[in-house]
Amino acid sequence: MSTKASRSAARLMISPAVILLLMWMIVPLVMTVYFSFLRYNLLSPGATPWAGWDNYYWFFTDPSFKDAIWNTLALVGGILLITVIGGIGFALLLDKPMFGTGVIRIMVIAPFFVMPTVSALVWKNMFFNPVNGIFGNIATSLGFQPIDFFAEIPLLSIIFIVSWMWLPFATLILLTALQSLDQEQLEAAEMDGANWGNRFWFIMLPHLARAITVVILIQTIFLLSVFAEILVTTNGGPGTATTNLTYLIYVSSLLQFDVGMGSAGGVIAIILANIVAIFLMRMIGKNLDA
Amino acid sequence: MGRITLEKVTKSFGDVEVIPPLDLEIEDGEFVVFVGPSGCGKSTLLRLIAGLEDVTSGQINIDGQDATDLPPAKRSLAMVFQSYALYPHMSVRKNIAFPMRMAGVPDDEQKRRIEAAAKALNLTDYLDRRPGQLSGGQRQRVAIGRAIVREPAAFLFDEPLSNLDAALRVGMRLEISELHKRLETTMVYVTHDQVEAMTMADKIVVLRAGNIEQVGSPLELYKAPRNLFVAGFIGSPTMNIFDGAEAAKFGAHTAGVRPEHIEVVSPEEGYWTGTVGVAEHLGSDTFFHIHETGLAETITVRAPGDVAYNHGDKIGLNPRTDLVHKFDEQGLRVQ
Amino acid sequence: MARAISTKRKSVNTAIAGTLGFLMFFPILWILILSFKTEEDAIRAPLQILFDSGWTLDSFAAVQARSDYFKHFSNSVIISVGSTLIGLMIAIPAAWSMAFVPSKNTKNVLMWMLSTKMLPPVGVLVPIYLIFRDTGLLDSRFGLTIVLTLMNLPIIVWMLYTYFKEIPGEILEAARMDGASLREEVLYVLTPMAIPGMASTVLLNIILAWNEAFWTLNLTAAKAAPLTAFIASYSSPEGLFYAKLSAASIMAIAPILIMGWFSQKQLVRGLTFGAVK
């Protein structure tokens, strides 16, 4: 539905975005793959001999690699579970008529505006600290032994912190979707004898399917790269208990200056992300018609 | 001036040819209506003239100039869209001024033309409102105002009344006709409504699947439809069409007679007989939908309002034999 | 038809939702309170809301003195606003193309753009770090702005595309018939009509860029460090520091919180990435 003139204008207008993104994707990608086959450490300048698959071999056989994969999956999966289920619950609640909707909504959204470094430090010091933190204080005043969160349940603590930031996001999207549900559909279902559970399962949940897909898609993109929360709380520890793939690669490339090894890790991270991406894109293809 | 000619114009979307080679002449000052069922290519044809689509081959001339490759803005045409396409963020005044602003018309001249258009279209009190605050009919008038002030060579209308309710539609139809009489500018008007076509046009172009089926004045089309398609499309209620032995009696393969050309009589006096299915009493007229005539499933007859038959009554029908339309095996008119 | 809801039902809903909302908000409220306390008050009785020694602005002053808040603040502003504006300039034409002159490749291009977001930053950390080191872009606001522009470009394009799609093409065609050039069509007709959508896009991207904490931590040191890095320097405790940490945190998140609250409507729209209506 257009003319030749507008089609060529369209090609011209889309090209800066395409070219820039293409460069942003291809150049570093090629370099990463290339580096991953070199013995290349920033601390030992000079020759960077060909290393073949060595970097991959060392990276794969490094016990922390297995831990990192597991931690990455646990982080993403755990946070998705909490935010999607919690988000549906919050959305159902906030969709009900109440006083001061605006104020309550502002309070619920607020954590999304808090930068990762701040939320991590605040939770770490003001809440999780066994001596001076609020949780420790509550436990002590009730006569319990306070939990040392980052020593005893480090990964769960990180999941908790990151979920706090993303729960508002999931809530908002699901609430928006819920509000677009035609009330007459629910009333029709009620007339048809469906109780609340039926209405939720057969009408609300299918209506939310697209929104849930969006939540999962967008959050996964961000959650695969959780970094700052780990950096300022546990530094990946104790041991490798909270080291995810992103953090592991950061350690080998920018702390141990092993470019080859870090790049090999980067390639693996990209492959993993692509597996997840293909899976997700399938889901969007089905649920998004944009 | 506004003489538009199309020479061997075609349009394809990918492999699909929506307009096969087509020639058409639109004279200066004419009110031409493109009419046809949805998907017949009438809107595409209008958009080709507007320059919003490229022709695949052929040539479009406007006032003798080859306009085939001119961008829309350079064709000195103005268009009124089906959705009115008003700029929602601008006041009525700014909407009407927009084409003049683009053309660099001096401010005082802009002001003069806006006020003239507003007066002619009864929009003077609404000039500072936004389109969102106007009724459908008012929006339609703003769209027309925006077209008028450009003083174009021709106006293009793309189903402009289809978003209005029935009562407004009749009113706007008259307004557009009067506008045409006053401006004497060429107007090309697309509609799927044959009543609009009949009432407004100097010249009707009936389209089907991108082909021109017939071009002519409303009465020419009514009196002498060139083929079965035009016969069935023009006129309301539609022509009764039948074939077989009854048609052969008129010396035709297929024959047609309009509802208003059949007289309702008692069964004994009738040339044909039938049973009333539904009688629609409109007061001024009565429409009978008649079954069991041996002609077709249902025969529609338009009778005066005081003819009182009801469901199940047997009646006789007398066609005006001089007004029976005859068609051959290809569906073309025979004299 | 909405059914009449009893005030009692409504009150119960309000109480439950209010409590949960308060719990979500509590950490922010808590550091706000702490930031006005003296260090002694802040650490001695964590559960005590009252101010024993009265409230004070000392912590804010101390934070500014210790780590030059305003320098990092201006870095954050420049980087987040800069990357959003540059992104917008590249994305508007691209989104126009895809929304109004769609071809059979449009959907693929869009999906491909989105898929570049799937590329984990860590996968390209090493080369970007080395390129930046060798070109002197390390620890520069310019370099960081470019990276964040490219990071968020797919999201900006996607969001603008979904907003542009809602604008009827006939209006742009009307502008074309009225004699507007492509530039005038985008400038006088499309852009003003898309302002709510663009506002949402801009807001969301400023937030994403403001809070971005991978590239900002890895590519900056002292000079170009935005607030994310500024606050990370508080990760190792030094003596009594709860009040100062709280003050620093409040200073880091306040601009975005305030902006978010004032533009809640656009933001809610933006937060759904234009994907849910």
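Q: Which residues of α8(A) meet α10(A) in this predicted model?
A: Let's start on the α10(A) side, where the partners are A:M204, A:H207, A:L208, A:A211, A:V214, A:V215 and A:Q219. By class, the contact of the two helices has 11 nonpolar residues, 2 polar ones and no charged ones. From α8(A), the residues that meet them are A:W166, A:A170, A:I173, A:L174, A:A177 and A:L178.

Q: At what angle do helix α8 and helix α10 of chain A pack?
A: Helix α8 covers residues 154-179 of chain A, and helix α10 covers residues 196-223. Their crossing is right-handed. The axes are 9 Å apart, and the packing angle is about 145°.

Q: Why are α4(C) and α7(C) described as they are, and what is the word for their arrangement?
A: Helix α4 (residues 69-100) and helix α7 (residues 141-165) of chain C have axes that come within 6 Å and cross at roughly 40°. Angles under 35 degrees would count as roughly parallel, and 65 to 115 as roughly perpendicular. The pair is therefore oblique.

Q: What is the handedness of the crossing of α4(C) and α7(C), and how many charged residues does their contact have?
A: The crossing is right-handed. The contact residues divide into 21 nonpolar and 7 polar, and the number of charged ones is 2.

Q: Which helix of chain C gives the most to the side that touches chain A?
A: The contact takes 80 residues from chain C and 82 from chain A. On the chain C side, the classes are 60 nonpolar, 17 polar and 3 charged. The helix that gives the most to this side, with 14 residues, spans residues 7-35 of chain C: helix α1.

Note on methods: Residues numbered from 1 in each chain as written. Chains lettered and ligands numbered in written order. Predicted model: local features only at pLDDT ≥ 70, side-chain atom pairs only at ≥ 80, totals over all residues. Axes fitted to C-alpha atoms, helices over the stretch in contact; angles between N-to-C directions. Helix = DSSP H or I, 4+ residues; strand = E, 2+ residues; numbered from the N terminus. Left-handed = near helix turned anticlockwise from the far one by under 90°. Contact = placed C-beta atoms within 7 Å. Nonpolar A, V, L, I, M, F, W, Y, C, P; charged D, E, K, R; others polar. Parallel < 35°, antiparallel > 145°, perpendicular 65-115°, else oblique.
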